[in-house]
Amino acid sequence: MRLVLLGAPGSGKGTQAARLKDHLQVPHISTGDLLRAEVAAGTPLGLEAKAIMARGDLVSDEILLGMLEDRFSREDTQAGFILDGYPRNLAQAAALDALLVKLGTPFDAAVQLEVDNEQIIARLAGRAQAEGRADDSPESVRHRLNVYDQQTAPVIAFYREHDQLTVVDGVGSLDEVFDRIVKAIGREQAAA
């Protein structure tokens, strides 16, 4: 099972990806974690990324795609993967699609966790208070949600147009949301 997990900041992607990893027995690939690991390992792409980040710039799509290509070539991804945090825009979605076709490993579904923005703001306000995170203030969260909506709406449309999008209600207990995802991807596997 090859999944792309989509959802706004605070929608529960990371939490559900960790649970799905254990359930499906496939790696959870977070582009942020991947980037940090490449930098720490001192790989050529990691060193290039480190220099870019040291200047305060964003790592290019080309570098991220190179890291993903390397990651997808490892043995543990042969049975599948859960991709979290990528693609974030239409160019990345098209590049990812082309990469997976090139590798002969097209993904099975893009799963979007749908949570109302006001519920996300409330969730993250609780996290901000519990963990002392300034980036989870209501103002900051609203800004991040606006950026997410602007950048990711075309990605959601891309997957919808390609009949690859599965929307799952991300509101409820961790178990309820997890069960919805498992049922949704089970339908995807049955249809394939």
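1. **Basis.** The model is predicted: local features need pLDDT of at least 70, side-chain atom pairs count only at pLDDT 80 or more, and totals for chains, interfaces and linings use all residues. Residues are numbered from 1 along each chain as its sequence is written, and side-chain values use heavy atoms, with hydrogens and water left out.

2. **H4 against H5.** Helix H4 covers residues 61-72 and helix H5 covers residues 90-103. Helices (H or I, at least four residues) and strands (E, at least two) are DSSP runs, numbered from the N terminus. The two helices pack at an angle of about 30°, and their axes are 11 Å apart. Axes are lines fitted to C-alpha atoms, for helices over the stretch in contact; angles run from 0 to 180 degrees between N-to-C directions. H4 is therefore roughly parallel to H5. The cut-offs: under 35 degrees is roughly parallel, over 145 roughly antiparallel, 65 to 115 roughly perpendicular, and the rest oblique. H4 and H5 cross in a right-handed sense. A crossing is right-handed if the near helix is turned clockwise from the far one by less than a right angle, and left-handed if anticlockwise.

3. **Residues between H4 and H5.** H4 contributes Asp61, Leu64, Leu65, Leu68, Glu69 and Phe72 to the contact. From H5 come Ala91, Gln92, Ala95, Leu96, Leu99, Leu100, Lys102 and Leu103. Contact means heavy atoms within 4.5 Å. By class, the H4 and H5 contact has 10 nonpolar, 1 polar and 3 charged residues. Ala, Val, Leu, Ile, Met, Phe, Trp, Tyr, Cys and Pro count as nonpolar; Asp, Glu, Lys and Arg count as charged; the others, Gly among them, count as polar.

4. **H6 against H7.** Helix H6 (residues 117-131) packs on helix H7 (residues 138-161) at an angle of about 135°, with the axes 10 Å apart. That angle makes H6 oblique to H7. The crossing of H6 and H7 is right-handed. On the H6 side, the contact is made by Asn117, Glu118, Ile120, Ile121, Leu124 and Arg127. H7 supplies Pro138, Val141, Arg142, Arg144, Leu145 and Asp149. This contact of H6 with H7 has 6 nonpolar, 1 polar and 5 charged residues.

5. **The buried face of H3.** Helix H3 (residues 44-54) has Gly46, Ala49 and Ile52 as its buried residues. Buried means under 20% relative accessible area, exposed over 50%, and partly exposed in between (1.4 Å probe, protein chains only). Seen down the H3 axis, the buried residues fall within an arc of 125°, so they line one face of the helix. That arc is taken over the directions from the helix axis to the C-beta atoms. Pro44 and Ala54 are exposed on the other side of H3. The cover over the buried residues of H3 includes helix H2 (31-41) and H4. Glycine 56 follows H3 and has a positive phi, near 85°.

6. **Methionine 67.** This residue sits in helix H4. Methionine 67 counts as buried because its relative accessibility is 1%. Methionine 67 touches Leu34, Leu35, Glu38, Leu45, Gly46 and Ala49, leaving aside residues up to four places away in sequence.

7. **Leucine 5.** Strand S1 (residues 2-7) holds leucine 5. Leucine 5 is buried, at a relative accessible area of 2%. Beyond residues up to four places away in sequence, leucine 5 touches Lys13, Ala17, Ile82, Leu83, Asp84, Gly85 and Val111.

8. **Threonine 105.** Not counting residues up to four places away in sequence, threonine 105 touches Arg2 and Leu100.

9. Most residues other than glycine have a negative phi. Glutamine 25 has a positive phi, near 60°. Glutamine 25 lies in the loop between helix H1 (13-24) and strand S2 (28-30). Its relative accessible area is 64%, so glutamine 25 is exposed. Aspartate 163 also has a positive phi, of about 55°. Aspartate 163 is in the loop between H7 and strand S5 (165-169). Aspartate 163 counts as exposed, at 68% relative accessibility.
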